[in-house]
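Subject: Structure handover

Hi,

Here is the structure for you to open. My notes follow below.

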Amino acid sequence: MLTRLSPLTELAARLRTAGSPLSADWRAVDGWFRPWAAQPGLREELRAQLRSLSTAQTAKVLRASRETTTHFAWCLLDSPHDPFSFWLHEYKDQEDWREGYADSVHNHRYHFCTTILRGNYLHERYETTIDAGTGLIGSARRRRSTLCQAGACITMLADEFHRIPAAATGTMTFLVKSRPVSTYSLSFDPARGIGHRHVPVEVRLGELADRI
């Protein structure tokens, strides 16, 4: 008798057998991700899979996960041999948010697809202008604002800019991310009109000795 694969194993197998580099054709990933995310009982199956983690698997998740200013980013799968990684984002109560990345206008170093497992958030997409001198965002114009409910799927490419200014209590999302396609990302504070460049610590390591 055949045993049905777990949702994460099923998605990982599909991504690992892609015929072309994932980061070069992320729209194809979007085409696979949406029907996968729409399968009945996905939330319950993910919950059961988390509850079945061994002690070693739990420790691995904890080592790779992190807290941000607006949410907890739980790393479910991140193998160096895979051209993708899986994450759960658990949004904090709104009163616990600090000014930071999710609620600024920003892009990412990677492409990603996400689905809302529970709750909802306000998702805004932006057009930006980049200052030729600084390479930072000089201005941003909101193109669209959507209240995304549970079950919604969103795909963002690394050169696209968005903002999540608010999320309902208990909101959780699942994401599949590509490997980084850029060495940095950009953000913009629309209230102050200030842009920032974000360089991850692993990129800075090669020059660390020269900065001492």
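What covers the buried residues of α1? First, the ground rules. This is a predicted model, in which local features need pLDDT of at least 70, side-chain atom pairs count only at pLDDT 80 or more, and totals for chains, interfaces and linings use all residues. Residues are numbered from 1 along each chain as its sequence is written, and side-chain values use heavy atoms, with hydrogens and water left out.

**Helix α1**

Helices (H or I, at least four residues) and strands (E, at least two) are DSSP runs, numbered from the N terminus. Buried means under 20% relative accessible area, exposed over 50%, and partly exposed in between (1.4 Å probe, protein chains only). Helix α1 spans residues 7-16, and its buried residues are P7, L8, L11, A12 and L15. They sit on the same side of α1, because they cover an arc of only 125 degrees around the axis. That arc is taken from the directions from the helix axis to the C-beta atoms.

Now the cover. It includes α2 (26-37), α3 (42-51), β2 (71-77), β3 (84-91) and β10 (172-178). Contact means heavy atoms within 4.5 Å.

**The sheet**

Two strands pair if DSSP finds at least two bridges between them. Six strands make an open, antiparallel sheet, in the order β1-β2-β3-β10-β5-β8. β1 (66-67) and β8 (153-156) stand at the edges with a single partner strand each, so one side of each has no neighbour in the sheet. Strand β5 (residues 112-118) runs antiparallel to β8, joined by four bridges. There, F112 stands opposite M156 in β8.

**The β6-β7 hairpin**

Strand β6 (residues 120-130) pairs with strand β7 (residues 137-149) through eleven bridges, in the antiparallel sense. H123 stands opposite T146 in β7. Six residues separate the two strands of this hairpin, and G135 in the turn has a positive phi of about 75 degrees.

**Aromatic rings**

Rings of Phe, Tyr and Trp (its six-membered ring) pair if their centres lie within 6.5 Å; planes under 30 degrees apart count as stacked, over 60 as edge-to-face and the rest as tilted. The count is nine aromatic pairs. F86 and F174 form a tilted one, 5.4 Å centre to centre, with 55 degrees between the planes. This pair links distant parts of the chain: F86 is in strand β3, F174 in strand β10, 88 residues apart. F86 is buried at 0% relative accessible area. F174 is buried too, also at 0%. Y91 and W97 form another tilted pair, at 6.3 Å and 35 degrees. Y91 is buried at 7%, and W97 at 12%. Ring pairs also link F33, W36, F84, F86 and F174 into a cluster.

Charges come next. A charge sits over a ring if NZ of Lys or CZ of Arg is within 6 Å of the ring centre and within 35 degrees of the ring normal. R14 lies over the face of W32, 3.8 Å from the ring centre. K92 has its charged end over the ring of F72, 5.3 Å from the centre.

**S104**

S104 is in the loop between β3 and β4 (105-106). S104 is buried, at 8% relative accessible area. Leaving out residues up to four places away in sequence, S104 touches H162, R163, S187 and F188.

Best wishes
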